[in-house]
Each structure stands twice: as C-alpha cells, then as structure tokens.
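Hi there,

Here is the structure I promised to pass on to you.

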Amino acid sequence: MALASTDAPDRADRQRALLAALKPHLPPESLVWREAQLAPFECDGFTAMRERPLAVALPATEDELVAVLKAAHRLGVPIVPRGAGTGLSGGAMPHALGLSLALSKFNRVLAIDPLARTARVQCGVRNLAISEAAAAHGLYYAPDPSSQIACTIGGNVSENAGGVHCLKYGLTLHNVIGLKGYTVDGEPIELGSMAGAIDTAGPDLLALAIGSEGLLMVVTEVLVRLTPKPALARCLLASFDAVTKAGEAVAALIAAGLTPAGLEMMDKPMTAAVEAFVHAGYDLNAAAILLCESDGEPASVEAELAQMRAVLERCGATRIEVSRDEAERLRFWSGRKNAFPASGRLSPDYLCMDASIPRRRLAEMLQRIEAMQGEWGLRCANVFHAGDGNLHPLILFDAKDPDQIRRAEGFGAAILETAVAMGGTVTGEHGVGVEKLGSMCVQFSAEELKAFHGVKAAWDPSGHLNPGKAIPLLNRCAEGGKLWVRGGVLPHPELERF
Ligand SMILES: Cc1cc2nc3c(=O)[nH]c(=O)nc-3n(C[C@H](O)[C@H](O)[C@H](O)COP(=O)(O)OP(=O)(O)OC[C@H]3O[C@@H](n4cnc5c(N)ncnc54)[C@H](O)[C@@H]3O)c2cc1C
C-alpha cells in the first residue's frame, strides 16, 4: 500500500504501518516516534518552520539503513535525511507524513592516508573531527563552516558548505574526491573515485550530488582531500570609517593578485554584539572591520602581510593590527566565528540571509541594504565571507510581532532579489531548503526549473527523497507572481530601482 496516495489513512494509521515495517530492522532505541521524543527533530537551524515526522530512524549500520530505505520505499513514505540539523534553510525539516533518517550513528573515521592526503569517513562524522583525526599527520580538512564543531560531513556535502578558509582552499565541492551512498529505494551508488583517482569517466555526477540538499541520494561515506597545515598563519584586522570603503578594499585586495586564506567583514552593529560576547579585541569605533589572513611559510606570510597592509592603507583603513601569536590570531577569529550566536544579544530573533554577489559590487550592496533598513523598518547587522562575495545579513526582528515577521521575510526576499539583479545568486552556502523556494523563482526560468525537476526525477523517480525542498514547483512560482514569500506576495520597493 502506498501511504502517500490521496485516499491514504490518517496520520496515526500511517505511523502504525511505518513502525510495523521498521521495527523488525532496528533496535528499539534506534526508532523514535513518541511525540515528546520527536520535538528535538522538528526543525533544523532555520527555526521559523517546523514539522513533526511520523518517526525518526537512527540506523547504525549499512544493513539497517538499506532495510529502512526499502521498507519506507515499499510504503511510499517520504524520507528526509538528517545530519546534525545545523542547516540554516530548512533542508532537514521533517515531512509531516514522512520518516526522518538521522545519520548521526554513522560517525566513524574509517581511514586516514597521509601519503595520498585523504580521509575516508562516514557521513555522520563532524567536520572538525576530520581535522582532529588528521592532525597527527600535520594535515587538516580545509572547508571550515563556523558550525564545524557540530555539523556533519554528510550535511556539508549536501549543502556544499563553505567557511572562512574557502576563498583560498575551496568549498566542499573542491575537497571531496568520492562519495558512497544509496538511492531512495536502497540501491548502492558510488560517485567520483573512492579509490582516490583524480578523474573518472563520464559526466561528473559527483559534482551534481554535492550541494543537492538530500534530494538525490543518501550519502553514507565520503573520501575527502586533506591539506598540509601551514607553517604559520597570521590574521590582520583592519578598521574602516565607512562600510563602503571596507567593501572596496575587499575588491582591491583581490584585484592586487592576493588570495587571503580568509577575508571576512563585519559592520558596526555586528562587532559591538560579538565584542560584548567574546571580547575578541575589535575596534568598536569602526564602521566596519575586515579580518584578512595570510598563511604559508613564514617569509611568504610576512611578504603577503606587507602587500595586504599597503592595499588596505591605500583604501583608507583607519587602524591595522596583526596578530602577534597563535593565541591572538584565534582571539581575532573567535569574534567572527561567534557572530551568529552573538546576534541573540541584538534582538529576540534574527533571520540569517545568505546570498552571493560579484565582489566588485559589495560596496554598492551594502549601501542598498542600509537603505532597505528604512524601507522595511527593521535593523540589519552584517557579517560576510567578503572574499567570496557571500553575504550574511542578519535581519533583526521580534517573532512575537506577526507584522515584524512579515517585514523580515520581505526584507530578506528583497536582499535575495537584489543579489540576483546584481549578477549574484540566492544562496552562497546555506542552500535553498524550504526557506528560499520563492526566491528560486526569481533566479531561474521555468525551463531551468523544469530541467532541475528532470534531474531529480532521474535519480528519484518516486520523488520520495526529501520532497518539497530546494526546487520550487512551477505552479508555486506562477501563483506567487514574481516573488512568493510566506504570508503572501509583498511589494518590494527596492526592486523598482532595477
Ligand atoms: C552557527 C552556525 C554557523 C554556520 N556557519 C556556516 C558556514 O560558515 N558555512 C556554511 O556553509 N554553513 C554554515 N552553517 C550552516 C550548516 O552548518 C551547514 O549547512 C552544514 O553543512 C549542515 O550540516 P548538518 O550536518 O547539520 O546537516 P543538516 O542540517 O542535518 O542537513 C542539511 C541538508 O543535508 C541533507 N543531508 C544531511 N546529511 C545527509 C546525508 N548523509 N545524505 C544525504 N543528505 C544529507 C539534509 O537532508 C539537508 O537537506 C552554519 C550553521 C550554524 C547554526
């Protein structure tokens, strides 16, 4: 019986049928279904939308995983893969009539090969745990999302996660060599080369799977590239008396042929919030600060820092400080890494946006966001992976006020539309999930969206793997007009300028 059919029984019946099908394959502690137990799984880091699934399965072995997939598939039950649930766009938000597949028990580092500089790890291994396991060999895993203490490599692969060091060392996509996993109906798949070959024949399905937000396959194993730890890293802090000058300095650094190991930007409201939280030593008088890192051999680091300093001074930096030792470098970065939690000090709630624009338009975008604050009547703090052109405006609001929720969502959508109009994209690293479905209608044409649905159907003909995420249905775009947001279509004064 396919439970997803229209004349299907109600939730309790569906749950009973699903549990009966799964219980023979899982120990009791690996199947969660009582209401109180389901509460921690009802959302990810995008807390604005929540659902309770019929059940959560926590398989610990491949045999258990395959049995779960096959049983759910026989019943036509939607499956939502889940890593650590730190995603910020609702990708792991459960399906109300589905099964959440929590992969946290797939948490073993299977092999470190210091000669090939690779690590073979299960999907539930935390990002930071890979670097910890490789440290004894002088190696580390370079992509470093700020959530790296908690997020899993399976989640990183599915979101193509970035981090402060991705400007120089690449995103997840550039650091994954092979993937193993299963289709929604439990058939094994291997992509790229789990043996570490640099290229494979045929179209690059590995690249297609990375960033596919759990829509194409369940990842179980990942072969990642490891990077030698640099002999030295030093972080430069530069202050500016205008955010636009900081934005122009970012473009100037890259134009000068420099590739900093990290190039991040924070505006005044953001530095004030993190300074009170972690005392990183930031200049509280600055309108914006840049964190700019150089790493490598000591002589080249000193030379690069001198070049960076010259460019930043030319761009009007009002104060420049360089970390004197490793403890100070880590203190400088602690502020940036704690930016999201520190935002809790600014307002009861915040909406963390994620868009990418060409670097050269950074200063212009910052001016537009400043203007939008007045238009939408809400404040916004800014923290950016500036070197990548990846913006994270944090829109501050109070979720107790429905009008503020509506305005926050409208403000967020206007930022994404502005990014698209500037030649950017609606996501830089957090994915589309459920959060940005409406904005996808703005970035892509109907033909492009149909092609995305075609790819999904080729991998998952039943459509049961993480349905309703990442790719909007065409009728949803049509119904929403140019832009759909939760709660209705909103006017976007900012758009009239384009
Ligand atoms: C404080 C904070 C800071 C953050 N900083 C960054 C940052 O700097 N850079 C960045 O890129 N992101 C950042 N994020 C977002 C988030 O941490 C990343 O998207 C991360 O990759 C999600 O990993 P996860 O294990 O938590 O995945 P989840 O949130 O559990 O899942 C994310 C998506 O991946 C799918 N998925 C998970 N595991 C699998 C699997 N094994 N097989 C198939 N699909 C799977 C899910 O279905 C979902 O669509 C941050 C989040 C927080 C809360």
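The buried residues of helix H8 (243-255) pack against strands S12 (232-240), S13 (262-267) and S14 (288-296), and against helices H10 (298-314) and H13 (362-376); contact here means heavy atoms within 4.5 Å. Those buried residues are Val243, Thr244, Ala246, Gly247, Ala249, Val250 and Leu253. Buried means under 20% relative accessible area, exposed over 50%, and partly exposed in between (1.4 Å probe, protein chains only). Helices (H or I, at least four residues) and strands (E, at least two) are DSSP runs, numbered from the N terminus.

Keep in mind that this is a predicted model, where local features need pLDDT of at least 70 and side-chain atom pairs count only at pLDDT 80 or more, while totals for chains, interfaces and linings use all residues. Residues are numbered from 1 along each chain as its sequence is written, and side-chain values use heavy atoms, leaving out hydrogens and water.

Now for the salt bridges: a side-chain nitrogen of Lys or Arg lies within 4 Å of a carboxyl oxygen of Asp or Glu. The structure holds 27 of them. In one, the closest N and O atoms of Glu221 and Arg120 are 2.8 Å apart. Glu221 sits in strand S10 and Arg120 in strand S6, so this pair ties together parts that are 101 residues apart in sequence. Glu221 is buried at 8% relative accessible area, whereas Arg120 is partly exposed at 30%. Elsewhere, salt bridges that share partners join Arg11, Glu35, Glu42, Arg50 and Arg52 into one network.

Enjoy exploring!
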